[in-house]
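Here is a short briefing on one protein chain. Look over the sequence and the model, then read the points below.

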Amino acid sequence: MSDSYKRLLPAPMPPGSAQAIVAESSFGKDAGPPVKKRTVSKAACNNCRLKKIRCDGKRPYCTACIRTNVECNFVTASSDETPFMALKREVESLRRSTEDLLEIMDLLESAPDTVSLDILRRLKSTRNHPEGANDPSEILASVKKDLGHESILPVKISNRQLIAGLIPETQECPEYELMMRCPTSYPTIMPLEIAFLNLADMLRPVILEQPKASSSVGRGDAASPSSVPGSSSEGASRNGITPTMTEPVDSWMGDFEPLQSTYSIVDDRLKNVNFRIWTSVPVTNELAASLVSLYLEIDHPWCPLFDADLFLNDCVDGTNHFCSPLLVNSLLGWACQSYATYQPEAATLVGAFETEAERLWGLEKYTNTLTAAAAAQLLNNLSASRGRDEFASQCLEEGIQMGKRMGLFGVGSETASALTWLDHHQDWLRAACHTSWGIFSYACMRSLHLHRAEIETPPLLPMPKEYFETHGYPNYAFSRTRGPVSTRVGEIFKAMCKFNLIVHDVIWNYYGKSDAVPAARATTEFAERTYQRLFEWARSLPLELARGRRNRHSTLMLHLYFHCTVMELFWPFLQQSADKVIKVDHFTTTTTMEHIHAASVNQLKRLALIYCINFNRICSATLWHIALLYLSNAMLCETMRSGRKRDSECWFYFMLCMTCYQNMYGYFRVVEVTMLGLLSMALRNGFLSTHEANTILKDMRKIGQRYDAPFMVRASFMVDLELAMTNPREAQVQTLADAFHELAIFREFTTGEYRNQENRPTRLIEQNSNS
């Protein structure tokens, strides 16, 4: 073979054969010295790649870069990584970083304000401080680590998942059966993911915003386009023009029956009343008519203390049979507090009306009249809401004693009741029916609030609705001039009277004459029997009182009251025997006390949310205040039992209660000690930090600076409802409010929290610590 051709290698021989051994020996001799194999680097450095020269790939500096004394950089992370692998890694890193940035943006938009502000602080620290987080992933990981297992991030759900979420997970749960068997009081509620919806505006006190002047409110004029429910004006709902209008996202909860008294008079007879003959307080007839109109639409339908038709007729005629200066001044002072959210100047008249009513009460408290007995309840509400607990208790006791002397309630037979002196006089019997059952209803609500029984025997007079069903409605000359809101009590108060008969039994069983605490007095048999009565009452409600989108304010109050009572019934059992099974007729699922209590808590959450959206500026302090107290207690107790002290849903509803209290604080001064008591509980349970509690009180101090009270705010009702079952004295609002200062300092020392001295509400804390 010619030498110009490359020599071919022989075919490989089987290993171990003689031919293979001979071939290897002959090939090794002829091949000469071995050729050194060329070394190839997987990834050249940037300089060598740019100059297109050979790179040995040594790290951290290649030989070529050392020889030329230049900086050596590689795009790859290690010597085993190829440029394609490095590019793929970088693309994946950018994808993760983009996802983290989007997640941070979602968190900033939908998370609570405290979490959003903390994220912004960390983002700023990456620029201002070198030791801060370096990329979004580290910031997000740090936030998630601090939040623990809390589901605070927004949840993205599809329409199919949302529709599926409307149905409970299983039809075997007691709450599902309650919704199916009693939809009037346990309607199926749409699942509401707090982190998914933007409800931050609801956690901002409306009272701190600049009020918008409106000359049409309460003047009897026609509703302006901005005040008609369903208007598209965003500012109207936040400045007191239309409390029923909501944002489009909340339209499914905001289409409620509007309050006529926010823009016109509910009864034309009020336009003919000269209020100067009834009060010495310098108030215009227009404003006084608006105050009475608001009361007749908000408080009167579900808890009337007098017959409105008889009252208005006497107001117009100037007669003193069913109207008196004491009753008018007490009513105007009480209504001023709610109406001040529409016209702040009305707040300046509250003290004058209270002073005049107190003077008149001192003259009439020993004369047994229906107007004086009714006025005593309104004056008690007025003084109690302003923090004058001592006078309010005295007025309450004297008013109830007057009712007993008149035989309106607290008597054992009809011969000792008011029926003997009424002598079947139709107008006086009508008036007495309203006053007796109205005072009885107020007493039941207060007893839940104070944990103190007041009236031992319910009224023996017929309920107002039953009276009208028997005797019919009289025709008055003013009937054709009445507005669309009826001044006559109807089904709502009939249902309230029947309900209060059940509440009365609960009160005397838990807080009657015995000195034993409720936890020692409550029995499973009583709770089971009473809930059966409550359940049957709820099922018997007429269709007009069922929960729906067109409910009036009074209907919403009725359902708030129902679920607060159910919670009160089972509260003594939650600490030890919450899992005890109770029997409810026709129920197929195993129902425990905890299940029923939790179902009412869920309904109360939604009711509170609906109330805030539709009636945010209507502060019916008697019952709305109680509902806020029960909901905030339920949230604090739920976090303690679950161990999730920063649960996002519980945090939202607790802060919603605090915001509602702040909106009430300017006109209901008792809110001061109420908020201090609840914040003391939150500090004690670790639910809030000292800084968060002081931030809430700082906003309350801004509101309080507008209304300087000449007296110390005092109250004696229960604020820690679970502790009240075993230790009522320590559960009182004044005790917990006085302990706020010590609890805040204790948390500073035990947790190392920094307390901002500039934001410290010194006036509130000093007042309560000195008291």
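The protein's secondary structure comes to 31 helices and 2 strands; helices (H or I, at least four residues) and strands (E, at least two) are DSSP runs, numbered from the N terminus. This is a predicted model: local features need pLDDT of at least 70, side-chain atom pairs count only at pLDDT 80 or more, and totals for chains, interfaces and linings use all residues. Residues are numbered from 1 along each chain as its sequence is written, and side-chain values use heavy atoms, with hydrogens and water left out.

**Overall**
- Of the 771 residues in the protein, 52% are buried. Buried means under 20% relative accessible area, exposed over 50%, and partly exposed in between (1.4 Å probe, protein chains only).
- Among contacts with a separation of 6 or more, 74% link residues 24 or more positions apart. Contact means heavy atoms within 4.5 Å.
- The protein exposes about 35,700 Å², and carbon and sulfur atoms supply 53% of that area. Areas come from the Shrake-Rupley method with a 1.4 Å probe.

**Helix H18 and helix H20**
- The axes of H18 and H20 (residues 491–511) come within 9 Å and cross at roughly 45 degrees. Axes are lines fitted to C-alpha atoms, for helices over the stretch in contact, and angles run from 0 to 180 degrees between N-to-C directions.
- H18 and H20 are therefore oblique to each other. Angles under 35 degrees count as roughly parallel, over 145 as roughly antiparallel, 65 to 115 as roughly perpendicular and the rest as oblique.
- H18 passes H20 in a left-handed crossing. A crossing is left-handed if the near helix is turned anticlockwise from the far one by less than a right angle, and right-handed if clockwise.
- H18 contributes residues including Trp437, Phe440 and Cys444 to this contact, and H20 contributes residues including Phe493, Asn500 and Tyr511.
- The residues of the H18 contact with H20 divide into 11 nonpolar, 5 polar and no charged. Ala, Val, Leu, Ile, Met, Phe, Trp, Tyr, Cys and Pro count as nonpolar, Asp, Glu, Lys and Arg as charged, and the others, Gly among them, as polar.

**Helix H18 and helix H23**
- The axes of H18 (residues 426–450) and H23 (residues 553–570) come within 12 Å and cross at roughly 45 degrees. That makes H18 oblique to H23.
- The crossing of H18 past H23 is left-handed.
- Cys444, Met445 and Leu448 of H18 meet Tyr561, Thr565 and Glu568 of H23. These residues divide into 4 nonpolar, 1 polar and 1 charged.

**Buried sites**
- Leu628 is found in helix H25 (residues 621–642). Leu628 is buried, with a relative accessible area of 1%.
- Leu628 touches Cys657, Cys660, Tyr661 and Met664, not counting residues up to four places away in sequence.
- Helix H8 (residues 174–181) has Pro174, Tyr176, Glu177, Leu178 and Met179 as its buried residues. They pack against helix H22 (524–539), strand S2 (591–592) and helix H24 (593–614).

**Backbone points in loops**
- A cis peptide bond joins Arg59 and Pro60, with omega about 10 degrees. Pro60 sits in the loop between helix H2 (46–51) and helix H3 (63–68).
- Asn69 is not a glycine, yet its phi is positive, near 60 degrees. Asn69 is exposed, with a relative accessible area of 71%.
- His451 also has a positive phi, about 55 degrees, although it is not a glycine. At 11% relative accessibility, His451 counts as buried.
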